[in-house]
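Please read the following account with the model open beside the text. It moves from the chain as a whole to pairs of helices and then to individual residues.

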Amino acid sequence: MSSKKYLSAILILVGLSTCGAKNLQEQNTLQKTEVRLTDKTTPVVNKNTATLKEEAIPLPPKAPLLSKKDSTTAETFNHSRWDRILQKHVSNSGEVNYEALRNDPSELNIYIDALTHNTPTDAWTKEAKLAYWINAYNALTIDLILKNYPVKSIKDIKNPWDQKLWQFGDTWQDLNTIEHKILRPMKEPRIHFSIVCASISCPKLQNKAFTASTLETQLTQATKEFLNDPTKNELTKDAVQLSKIFKWFKKDFEITGSLIQFLNQYTDYEISESAKANYKDYNWNLNN
């Protein structure tokens with residue numbers, strides 16, 4: 001091969017090599033560019049994703065505040081379980097099926113447990129507190145009977161009203177404390193026809209739970225039923241044969257007037273202020 005042809009061949013090879021290197025360089029540059037584009041777009045996606053993850057779930061709207069009128073009758077404790085127990089095991093005349101309750105005490109135990117863990121606060125209305133403690137007294141009385149069943153009378157139990165068997169919050173309660181230290185100081189004398197000491201001469205156990213929203217109607221009904229039950233009271237215009245409840249708690253019924261004035265609020269006729277009052281014997285036999 002002549003030197004001229006040899007030189008031309010070398011130049012061609014050098015040119016091809018240069019073009020190849022240039023193409024390779026351009027490919028590398030294009031790949032880097034793609035990488036840079038990818039790197040630039042990826043943070044945007046990540047940023048948006050992070051935003052979605054960090055965005056807080058909106059809270060539900062707050063319940064409207066109760067008006068002053070509504071707050072006076074708002075229930076602060078649900079007594080529906082106690083209501084079901086009463087309707088199932090207490091007759092319309094107030095007789096209690098202790099035998100059935102003893103065989104299946106679970107609902108009563110659950111209700112009492114709920115009471116002990118949800119005691120009234122200063123924020124509760126008077127009506128809510130009264131309903132709570134009236135229901136509590138009656139439920140605990142039944143529980144006391146069941147713990148000692150069978151008995152013929154609550155008086156067969158040693159110190160029945162002073163047994164501190166139930167812990168409400170930090171305080172161990174007994175029936176006497178609930179009646180005399182909690183309920184009576186509320187100055188609502190009609191509680192005496194609503195709390196029941198498991199005896200025949202007691203007011204009948206209502207077979208519906210007391211509630212704050214219906215308390216006034218329920219207390220009035222319980223009082224009228226007790227006064228107009230001839231086995232508990234005998235009333236005429238000139239003489240009255242009364243339950244000893246009116247003797248034991250006379251001061252409670254004279255908060256705003258005389259005992260006769262209290263009675264006249266719930267009778268269909270006017271009892272004379274000069275009517276002679278006597279008191280019936282009290283039957284402590286069990287109300288079953």
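Predicted model: local features only at pLDDT ≥ 70, side-chain atom pairs only at ≥ 80, totals over all residues.

Residues are numbered from 1 along each chain as its sequence is written, and side-chain values use heavy atoms, with hydrogens and water left out.

The protein chain contains 10 helices and five strands, where helices (H or I, at least four residues) and strands (E, at least two) are DSSP runs numbered from the N terminus. Of its 288 residues, 38% count as buried; here buried means under 20% relative accessible area, exposed means over 50%, and partly exposed lies in between, with a 1.4 Å probe and protein chains only. The chain exposes about 17,900 Å², of which carbon and sulfur atoms supply 54%, the areas coming from the Shrake-Rupley method with a 1.4 Å probe and, for residues, with only the protein chains shown counting as cover. Among the contacts in the chain with a separation of 6 or more, 68% are between residues 24 or more positions apart, contact meaning heavy atoms within 4.5 Å.

Two packed helices are described by the angle between their axes and the distance between the axes. The axes are lines fitted to C-alpha atoms, for helices over the stretch in contact, and the angles run from 0 to 180 degrees between N-to-C directions. Angles under 35 degrees count as roughly parallel, over 145 as roughly antiparallel, 65 to 115 as roughly perpendicular and the rest as oblique.

Helix 3 (residues 80-89) and helix 5 (residues 106-116) cross at roughly 150°, and their axes come within 9 Å; the two helices are therefore roughly antiparallel to each other. Their crossing is left-handed, a term used if the near helix is turned anticlockwise from the far one by less than a right angle, with right-handed used if clockwise. From helix 3, Arg81, Trp82, Arg84 and Ile85 meet Glu107, Leu108, Ile110 and Tyr111 of helix 5. These contact residues of helix 3 and helix 5 comprise five nonpolar, no polar and three charged, where Ala, Val, Leu, Ile, Met, Phe, Trp, Tyr, Cys and Pro count as nonpolar, Asp, Glu, Lys and Arg as charged, and the others, Gly among them, as polar.

Helix 5 also packs with helix 6, at an angle of about 135° and with the axes 11 Å apart, which makes helix 5 oblique to helix 6. This crossing of helix 5 and helix 6 is left-handed. On the helix 5 side, Leu108, Asn109, Tyr111, Ile112, Leu115 and Thr116 take part, and they meet Tyr132, Asn135, Ala136, Ala139, Leu140, Ile142, Asp143 and Leu146 in helix 6. The contact of helix 5 with helix 6 divides into 10 nonpolar, three polar and one charged residues.

Helix 6 (residues 126-148) in turn packs with helix 7 (residues 175-183) at an angle of about 165°, the axes lying 10 Å apart, and helix 6 and helix 7 are therefore roughly antiparallel to each other. The residues in contact are Leu130, Trp133, Ile134, Tyr137, Leu140, Thr141 and Leu144 of helix 6, together with Leu175, Ile178, Glu179, Ile182 and Leu183 of helix 7. By class, this contact of helix 6 with helix 7 has 10 nonpolar, one polar and one charged residues.

The loop between helix 6 and strand 1 (166-168) holds proline 150, which is joined to tyrosine 149 by a cis peptide bond with omega of about 5°. Asparagine 159 is placed in the loop between helix 6 and strand 1; its phi is near 45°, a positive value in a residue other than glycine, and at 45% relative accessibility asparagine 159 counts as partly exposed.

In the loop between helix 7 and helix 8 (215-227) lies lysine 187, whose phi is near 55°, again positive in a residue other than glycine. Lysine 187 is exposed, with a relative accessible area of 58%. Histidine 192 lies in the loop between helix 7 and helix 8, and at 3% relative accessibility histidine 192 counts as buried. Leaving aside neighbours within four places in sequence, histidine 192 is in contact with Glu179, Arg184, Pro203, Ile245, Phe249, Asp252 and Phe253.

Asparagine 283, finally, belongs to the segment after strand 5 (276-279). Asparagine 283 and serine 201 are 82 residues apart in sequence and 5.0 Å apart in space, C-alpha to C-alpha.
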